Amino acid sequence: MSNAPVQVSVIIPVGERRTSLGELYAEYRSGLATLQVPYEIIFVIDGPQPDYQQSLAALAADGEPFTIISLTRNFGEATALMVGFEHAAGSVILTLPAYLQVEGSEIDKLYAALDSADIAVGYREPRATGWFDSLRRQAFHGLLQLVTRLQFHDLGCNVRAMRRKLLEEIRLYGDQQRFLPVLAERQGFRVAEVAVRQSKSDRHDQIYTPRNYLRGFLDIFTIFFLVRFTKKPLRFFGMIGVATFAVGILELLYLVFERIFFSSPLADRPALLLASLLIVLGVQIFALGLLGELIIFTHAGGSKDYQVDRVVQYPGAQPAAAKPAAIETSVKVVA
Amino acid sequence: MYSLPKLSVIVPFYNEEDSIGPMHAAIVQAVEPLHIAYEMVFVDDGSQDSTAARADEIARQDARVRLVKFRRNYGQTAAMAAGIQYAMGEILVTMDGDLQNDPTDIARLLAKMAEGYDMVVGWRYKRQDKLLSRKVPSVIANRLISKVTGVSITDNGCSLKAFRASVIKNIPLYSEMHRFIPAMASIAGPRIAELKVKHHARQFGKSKYGLSRIYKVLLDLMVIKTISSFTSRPLLWFSLLCVPLTLIGFLALAGGLLAAVPAGGRLSLPLTGSGIIFLTAAVTLTASGTLGELIYKLGDVRPEDFARLTKELRAPQERAGSP
């Protein structure tokens with residue numbers, strides 16, 4: 001390879017799902033060749049996978065240039081991505097899955113889309129899929145749109161190209177890489193969705209267990225909280241806390257009312273327990289919100305609420321600032 | 001090159017393409033006769049119209065204009081906070097970008113500041129806005145804010161304010177706190193004055209606020225109240241929350257025990273149970289308070305810094321006297 005500085009860093013996190021390395025590598029190599037810029041490939045092995053590491057080593061022995069980073073245990077795709085990014089030198093970061101989702105020749109479309117965007121997200125179109133998968137995907141993206149007011153078609157597609165500064169600003173963790181476009185949009189980056197052709201070997205034979213659903217739902221909830229309430233926890237907790245408290249108080253008042261006017265004894269009613277539980281719960285949720293506010297308040301100096309695109313000032317051409325300059329020179333002459 | 005400006009005029013713009021030119025001219029016209037070094041910090045809050053382009057043009061022609069461009073729209077508080085962050089003057093004046101504030105008031109604000117105040121807040125005593133949708137809610141909100149925060153300001157919504165940079169730069173501004181800057185600043189204990197300022201009817205564009213903000217104002221008010229009263233002593237504050245819970249808990253418990261006497265020693269589960277629940281909650285709340293102390297200890301906001309600041313500031317100020 002030439003010695004030109006790397007422009008594109010390709011990060012491939014290798015997790016549980018993966019296809020045979022030879023096929024994948026050939027496909028990506030041919031796709032990347034069409035970019036016609038110097039690039040590097042970084043494999044991040046997420047947890048010990050001896051067989052895969054062996055085939056990588058074999059490939060490297062054949063003189064193929066790439067970096068391999070092995071993580072001690074499985075940290076999740078987002079962490080793998082961030083680790084890979086730490087070793088990336090390019091000004092453009094390209095993430096590709098370790099299994100063939102899209103055809104390699106589609107990579108240059110994403111790269112080209114960066115001309116007018118900070119991150120280009122692929123979505124597979126047309127998509128070969130069963131009706132149930134399609135329904136589930138629509139439900140997921142619909143729910144996400146409801147929560148974040150942002151519309152995406154295919155967040156499951158991990159083929160993405162982005163500018164370096166985007167990953168410098170957004171720290172991902174856990175399973176958040178799926179929501180990278182959402183977080184990017186919140187940070188004021190320009191997000192573009194690019195239709196890419198699905199690879200023929202992209203078959204989705206994962207079986208969705210209730211656990212997967214629960215996880216997806218929790219993910220959306222986390223994003224919802226991150227996007228809407230990170231800076232105002234009391235708005236979130238306060239709402240829930242006050243509502244719970246109010247229900248408890250109303251129930252208590254009703255019980256007291258019955259005790260006074262219908263003399264049904266207060267002491268023997270289990271409903272009293274429920275009322276006091278609700279009141280107490282309300283107060284505690286509210287207190288959690290207060291703690292959240294305290295965290296925000298005491299750390300507000302470190303985390304800014306806004307992202308500045310650029311600061312502009314032209315010190316050169318200036319009819320007005322010529323004035324102090326003129327005064328200065330005249331002073332000099334007098335002195 | 002040039003000495004640091006003494007005055008920074010901070011103006012956030014959001015979709016104000018017609019106002020930005022006249023605004024710049026009006027500021028220059030108003031401040032130029034004062035013969036002080038000054039700068040203008042224009043914040044473009046992610047406008048979608050040609051505001052940014054026009055601001056750029058103005059900056060090109062006037063070196064005293066610094067333009068801070070946001071990546072997207074973040075709201076007025078963020079714009080103000082950024083303007084304050086990027087301003088270099090000793091005294092900062094903030095105003096709206098919609099021409100409703102009058103830059104000729106800047107001279108009077110500065111005169112008031114020279115009397116030794118750390119913050120001078122504008123009061124739009126002849127407000128030119130719609131009565132029902134803007135003025136009436138505003139009056140109610142201001143009464144409420146004064147009452148709750150204990151900082152008596154007639155018009156919190158007025159953007160035309162002057163600050164001593166060293167005081168305001170240390171106050172965290174986030175969320176939608178711009179309405180509460182005086183209350184927020186009161187943590188630092190500055191001397192605040194009010195000044196009647198002019199207010200014009202809107203010439204261009206349209207208002208970006210509606211009635212929907214009332215709900216947000218109420219919640220933010222609650223936040224401000226709690227924060228300004230409990231910042232430096234979360235444990236105390238949480239313990240205060242515990243007091244009613246403990247009282248109710250003991251009453252319920254006592255009631256349950258007393259009721260057991262005529263019933264031949266049979267305890268009433270709901271009543272004693274409720275008592276125990278309330279007492280447990282009091283304990284957990286105290287624990288939360290301790291957690292709060294920890295958070296506060298680890299955080300970077302320290303009122304003692306504010307105290308030192310305002311104290312140091314005042315001494316020379318009082319010597320200088322009023323002009």
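A:Ile12 has A:Phe43, in strand E2 of chain A, as its bridge partner. Strands E1 (residues 8-14) and E2 (residues 39-45) of chain A pair in the parallel sense over seven bridges; two strands pair if DSSP finds at least two bridges between them. The model is predicted: local features need pLDDT of at least 70, side-chain atom pairs count only at pLDDT 80 or more, and totals for chains, interfaces and linings use all residues. Residues are numbered from 1 along each chain as its sequence is written, while chains are lettered from A and ligands numbered from 1 in the order in which they are written.

**The sheet in chain A**
- Seven strands form an open sheet with mixed pairing, in the order E3-E2-E1-E4-E6-E5-E7.
- Its edge strands are E3 (67-70) and E7 (191-196) of chain A, and each pairs on one side only.
- Helix H3 (residues 77-86) of chain A packs on the sheet and touches E1, E2, E3 and E4 (92-95).

**Chain A overall**
- Chain A holds eleven helices and eight strands; these are DSSP runs (helices H or I, at least four residues; strands E, at least two), numbered from the N terminus.

**Helix against helix**
- Helix H10 (residues 270-299) of chain A packs with helix H9 (residues 234-260) of chain B at about 170 degrees, their axes 12 Å apart. Axes are lines fitted to C-alpha atoms, for helices over the stretch in contact, and angles run from 0 to 180 degrees between N-to-C directions.
- Contact residues include A:Val283 and B:Phe238; two residues are in contact if their C-beta atoms, placed from the backbone, lie within 7 Å.
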